[in-house]
Amino acid sequence: MARRKSALELVRPDDESATSRRNRVNFFELAYQRIEDRLVTCELRAGQFLTVQELQNLTGFGRTPVHSAVNRLAADTLIIIRPRHGLQIAPIDLARERMLLALRRDMERFVIRLAAERASLSHRNQALHIERALRERHDTLTIDAFNKLDRRIDALVLAAAGEPFLVHTLRPLHTIYRRIGYIYHRQLPGHTDLGRTIDSHLAILNAIANRRVDRAVKASDALIDYMDQMFEEMESGIDPSLLDCSIEPLPGT
């Protein structure tokens, strides 16, 4: 009995260490997601300067998970680390982000094709479930509610594709264009209707659920074409201070 107790005591620290590591990873992911959410909704404004402490207060997490999240967001080019000056939310460069849309088009074709080819019964069931939710709320969905579903769609497509490398490559691109969509629908006059955005995602979900590879790729291209159109309208119609808060808005706007 004494020998058994001793063995258990030797195992316990490792178990606790593994649990601690899992908790740290979970906190890091949650901190990343909370900062990412505030980037997408422009609560953290493009061009804004702030500190790690302010992000800790905003997210409710401690220094270690927030610091890890900031490092990843810096690698994603969404946050700029300014030595001796703190952090800056990267200003939005519409020309750069439109150029990167060509990269996203090719990558999305690849991941959508994989997802349609490899989708398991569970993945297909989830796609149909989200599709049904989108159809039922088609005319009443807000941009905030849509973005929550969009995040789930992105995660589902990546899970169905089954290639972990794609997660780290596409995730920052998804964040960049989710923010562009948010600004377009919330800040550009006359563009509150989400119908075309929702229809594009419905087509992708339906094609993956039915394992229609060519149709899925075509639907993905249609979504990217729509995003490209958004840039055309934003380049001439958006208030520059929304892209970089250091630019003062014109009086009376």
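For what follows, Ala, Val, Leu, Ile, Met, Phe, Trp, Tyr, Cys and Pro count as nonpolar, Asp, Glu, Lys and Arg as charged, and the others, Gly among them, as polar. This is a predicted model, where local features need pLDDT of at least 70 and side-chain atom pairs count only at pLDDT 80 or more, while totals for chains, interfaces and linings use all residues. Residues are numbered from 1 along each chain as its sequence is written, and side-chain values use heavy atoms, without hydrogens and water.

On a 1 Å grid over the protein atoms alone, a cavity is a set of points where a 1.4 Å probe fits but cannot get out; a pocket is an open set with protein on both sides within 12 Å along at least five of seven lines; lining residues have an atom within 4 Å of a point. Points are joined across faces, edges and corners, and a volume is the space filled by probe spheres set on them.

The whole structure has one cavity of 30 Å³ or more, and the largest cavity holds about 320 Å³. Its lining has 27 residues, with R104, D150, D154, H201 and L223 nearest the centre. By class, that lining has 15 nonpolar, seven polar and five charged residues. Helix α6 gives the largest share, eight residues; helices here are DSSP runs (H or I, at least four residues), numbered from the N terminus.

Now the largest pocket, at about 280 Å³. Of its 13 lining residues, R151, D154, A155, L158 and R171 are closest to the centre. α1 (2-40), α6 and α7 each give two or more residues to this lining. Its residues divide into four nonpolar, three polar and six charged.
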